[in-house]
Amino acid sequence: MRLNGKVVIVTGAGQGIGAATALKFAREGATVALCDLREDVVDRSIEACREVGAQAVGFALDVADRQAVDGMVAGVIERFERIDILVNNAGITRDARFEKMTGEQFDSVIEVNLKGVFNVAQAVVPAMIAQGHGVILNGSSVVGIYGNFGQTNYAAAKFGVIGLTKTWCRELGPKGIRVNAVAPGFIQTPMLSTVPDAVLARMSEQVPLRRLGRPEEVANIYAFLASDEASYINGAVIEASGGLTV
Ligand code: NAD
């Protein structure tokens, strides 16, 4: 087990990529602290992690709420005495064409997808610096590299996440903390549930592998990047898109 005894926080862990990542980390021997906006889905995820033998605790909170985030981090440190890994996965979409996008749509996506990443990372970093080691993994997107129609807000946030990743790689590397980002393509999760089947089929056709990705395929990358096998990977953005962008 590659993550035996490691303590990890996964945000947005109630469903989709976050739930798959929490379960993968649990299977690899980690103790998992799961956070999500929705209490019902966190409870389901905790259950799944405990079923494979892991210690799992949950927090229902909004990553945009700094006070709540600080409370979660204090709670994890009090219970487990350290935080080895943070997976900053929570994210939302509020799509609209640029001319039609409201200020509220723009702000809400920046607040969760960019400021939320800042909040949780800044809250865990003092513990990682004190330990002399840590891994921070940030959820970006291929949209954060290439942009996308209808996603001005999301693209701005996901480009921003790559900027944070590269800056923290420089600032925190000397303190023993590795920071990397993952940029998935189209992954079959509840985030895509509003997309009509015909559109999903067209999206699959654009991918050289001719299918959407599975949440577990992104979880595998997070687990690898968190493990000592990735000990010299720092400041990287790993694309997982089935070749979509080639
Ligand atoms: P999802 O919508 O299925 O799950 C996201 C989870 O995050 C949900 O459980 C939700 O309740 C939680 N969440 C939302 N806002 C939150 C907040 N403010 N605080 C705490 N939790 C919150 O999404 P997913 O497809 O699993 O996506 C996970 C991450 O991967 C997101 O950052 C997303 O932008 C990114 N991503 C997804 C895809 C894709 O195709 N699905 C592609 C590229 C990147």
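Which of the 25 residues around the ligand come nearest?

**Entry 1: the ligand.** I opened the predicted model and went to the ligand. Asp36, Asp62, Asn89, Tyr154 and Thr189 come nearest, out of 25 residues around the ligand. The side chain of aspartate 36 has an N or O atom 2.6 Å from an oxygen atom of the ligand. For aspartate 62, an N or O atom of the side chain is 2.8 Å from a nitrogen atom of the ligand. Lysine 158 also has a side-chain N or O atom 2.9 Å from an oxygen atom of the ligand.

**Entry 2: H4 and H6.** Next I turned to helix H4 (residues 103–131) and helix H6 (residues 152–172), whose axes come within 8 Å and cross at roughly 15 degrees. Angles under 35 degrees count as roughly parallel, so I noted H4 as roughly parallel to H6. I logged their crossing as right-handed. The H4 side of the contact includes Phe106, Asn113 and Phe118, and the H6 side includes Tyr154, Lys158 and Trp168. By class, I have 16 nonpolar, 5 polar and 1 charged residues for the contact of H4 with H6.

**Entry 3: H1 and H2.** Last, I looked up helix H1 (residues 16–27) and helix H2 (residues 39–51), which pack at about 25 degrees with axes 9 Å apart. That angle makes H1 roughly parallel to H2. Their crossing is right-handed. Ala19, Ala22, Leu23 and Ala26 of H1 meet Ser45, Ala48 and Cys49 of H2.

Note on methods: Residues numbered from 1 in each chain as written. Predicted model: local features only at pLDDT ≥ 70, side-chain atom pairs only at ≥ 80, totals over all residues. Heavy atoms only, no water. Axes fitted to C-alpha atoms, helices over the stretch in contact; angles between N-to-C directions. Helix = DSSP H or I, 4+ residues; strand = E, 2+ residues; numbered from the N terminus. Parallel < 35°, antiparallel > 145°, perpendicular 65-115°, else oblique. Left-handed = near helix turned anticlockwise from the far one by under 90°. Contact = heavy atoms within 4.5 Å. Near = heavy atom within 4 Å. Polar contact = N/O pair within 3.5 Å; in protein donor to acceptor, adjacent residues only side chain to side chain. Nonpolar A, V, L, I, M, F, W, Y, C, P; charged D, E, K, R; others polar.
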